[in-house]
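Take a look at the structure below.

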Amino acid sequence: MKYYPIDESLARRAKDMNSFYDYQEGSATAAYRQEVDKAVQLAEAQKRKVAPMYHEKIDRLLDTYARKLAENTNKQNAVACRVPSILIAGGSNFPVRKKEKQNRAADANMAEWREIQGLLDKIRGTGMGGISADDPEALQKLEAKLESHERLQDQMKAVNAYFRKHKTLEGCPGLDAVEIEKLKASMARDWRAEPRPYPSFRLTNNNAVIRQTKQRIAELSARAEAGYEGWSFDGGAVEANQAANRLQITFDEKPDAGTRAALKGAGFRWAPSAGVWQRQLNDNAFRAAKGLEFLRPLSVEPQEGAEPVPEAETGWRFYIIADLKTWADNAGDRSPLERFSSFEEAKARFDELRSLDYNSETVEPAPDGRPPARLPLGLESAGGLSAMDVLHVRQGKNYLVTDFTQTEQTRNNPAVSKILSRVSKEIGFDLVQPAGQPPTPFEEWDNPYFSSGTPGSIAARYYDFLHECYPLPKEEKSRNEQVMEVVRFLQQDGKRGANQMTLAVAAMASAAEGVSEGAKTKTDALIKELALFKGSGKEKARQKGQRGKSPER
């Protein structure tokens, strides 16, 4: 391990200017080396936990820590030398302004020291996180991960077999005394009648990791052979930058605010260093780019031998991909894109795939923290220039995809609203994740986009209706609280509560004088939503139970 020099003369002056005690020669260097030695111990411990391929990175982080800590220590002593302590210099003619500048410099130096300490956290995390497809050593790391988990699987099986035969762990090959005691303690806490050293779920989960790792290795190997081609559009070009692993968009002139917002909504981000808008190079990126009208290719020719795409009466057709994860991971044998001209055809295929086990299996979360999307249902414009997913099945739950809210073209399109309303009624959504928010139960979501007859949609329209009749607070927090109060009322009282609200809305609308055309439209929309609401059925059981306990009966 290399130590970096500490300026002893600077450390001595700093001590003399701020303390009555004499400086002990070499104490600054000794203190610095003590901190570096602690970092060395941390790095060596981390190396024992991870594969050898990570050792070089740990060494680099350790060297950076030692170098920056030495620079920070010397800078700290230099700042301390600028102005003596008032205890040393006395209060007469003390340079107050200089002292204030010195204090600000010391605060900045302390902030830098905290950042340097963050390198220790990076050392602790090296080799412990996920493996990005951008990593040039991704294949090597995945192979090491696979080897480690396969070795663990063999060990767990062998230990279980030994225990099954001998009814004890004493003398089990590959286990030391400490590991034996840990397994005994784990078995003692197990609720099962005949516990095993390694429960079946441990082997099942580890086997799932092995299977997923093998799949990723195959996908990344195939990805190296995949070719992507860009295209030109009116005012710029789309380029597949294989070296940077990015799909990059270049404009001849700076795009306007609306275009920039649409790019961000499609997952592209501005990269000042490259002067382009970009996102990771994969099929999802191409789908997102081709879904933006302003990126339409200058000339589009049908591929030779391609099957004709069915046309839909509404101007939109449907598509399904059996397993979207094969696209997200750039699998070599990915699920095909299936197109349908009618909702009935798409729903029949969706129902056929929805019951398959892979849609509900527990897997590692995606980078956004959610379970990965498996079975999607999507919409595509008749011309093929716009496409968007509307439903993702994630670990057994139907997620509404809010991509349709990103552009005015789809957000205010009556045909899209009608389709979404039908999907809501005939297939159903469990959760929704609006941009920048955590997943929310669909029935509680403030849904201003399409008719769904859910408590959240009714509550939002009820609030807007009331605002036409009476002045209500406009603050977002107050609005959300009142909307949620109506949601809870409908969840508790069900269809009976919805009927009461319908009567109240009709009475208020009749009593209001000079109602605007917009207010009438909101009233009609609210009454339609209330008519769609069916309730959960739980409120009937609750009411019946209350009547059964009535003392009069």
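This is a predicted model: local features need pLDDT of at least 70, side-chain atom pairs count only at pLDDT 80 or more; totals for chains, interfaces and linings use all residues.

Q: What makes Glu25 and Arg12 a salt bridge?
A: The cut-off is 4 Å between a side-chain nitrogen of Lys or Arg and a carboxyl oxygen of Asp or Glu. For Glu25 and Arg12, the closest N and O atoms are 2.8 Å apart. That is within 4 Å, so the name applies.

Q: Which parts of the chain does the pair of Glu25 and Arg12 link?
A: It links distant parts of the chain. Arg12 sits in helix α1, while Glu25 is in the loop between α1 (8-18) and α2 (27-49). The two are 13 residues apart.

Q: Why is Glu25 called exposed?
A: Exposed means over 50% relative accessible area. Glu25 has 55%, so it counts as exposed.

Q: Why does Arg12 count as partly exposed?
A: Its relative accessibility is 30%. Buried is under 20% and exposed is over 50%, so Arg12 falls in between.

Q: How do you know that Asp121 and Arg124 form a salt bridge?
A: Their N to O distance is 2.6 Å. The limit is 4 Å, so the pair passes.

Q: Where do Asp121 and Arg124 lie?
A: Both are in helix α5 (residues 96-125). They are three residues apart, which is about one turn of the helix. Asp121 is partly exposed at 49% relative accessibility. Arg124 is also partly exposed, at 41%.

Q: Why does the pair of Lys184 and Glu181 count as a salt bridge?
A: The closest N and O atoms are 3.9 Å apart. That is within 4 Å, so the pair counts.

Q: What separates Lys184 and Glu181 along helix α7?
A: About one helical turn, because they are three residues apart in α7 (residues 177-189). Lys184 is partly exposed at 34%, and Glu181 is partly exposed at 47%. Elsewhere, salt bridges that share partners join Glu44, Lys47 and Asp59 into one network.

Q: How many salt bridges does the 4 Å rule give?
A: The count comes to 24.

Q: What makes β1 and β4 edge strands?
A: Five strands form an open sheet in the order β1-β2-β3-β5-β4, with antiparallel pairing. β1 (231-233) and β4 (269-271) each have a single partner strand, so one side of each has no neighbour in the sheet. From one strand to the next, the twist averages 30°.

Q: How do you know that β4 and β5 pair?
A: Pairing needs at least two bridges. β4 and strand β5 (residues 276-280) have three, so they pair, in the antiparallel sense. Trp270 stands opposite Trp277 in β5.

Q: Which helix lies across β1, β2, β3 and β5?
A: Helix α10 (residues 283-290) does. It runs at about 135° to β5.

Q: Which residues touch the most other members of the largest nonpolar core?
A: Leu377, Leu391 and Leu400 do, in a core of 30 residues. Among the elements that give two or more residues to this core are β6 (316-321) and α12 (343-354). The largest share, five residues, comes from α14.

Q: What does Leu391 touch, leaving out residues up to four places away in sequence?
A: Its contacts include Phe350, Tyr399, Val423 and Phe429. A second, separate core has 24 residues, including Ala28, Leu61, Ala70 and Ile116.

Conventions
Residues are numbered from 1 along each chain as its sequence is written. Side-chain values use heavy atoms; hydrogens and water are left out. Helices (H or I, at least four residues) and strands (E, at least two) are DSSP runs, numbered from the N terminus. Buried means under 20% relative accessible area, exposed over 50%, partly exposed in between (1.4 Å probe, protein chains only). Axes are lines fitted to C-alpha atoms, for helices over the stretch in contact, and angles run from 0 to 180 degrees between N-to-C directions. Contact means heavy atoms within 4.5 Å. A nonpolar core is a set of buried Ala, Val, Leu, Ile, Met, Phe, Trp, Tyr and Cys residues joined through side-chain atoms within 4.5 Å.
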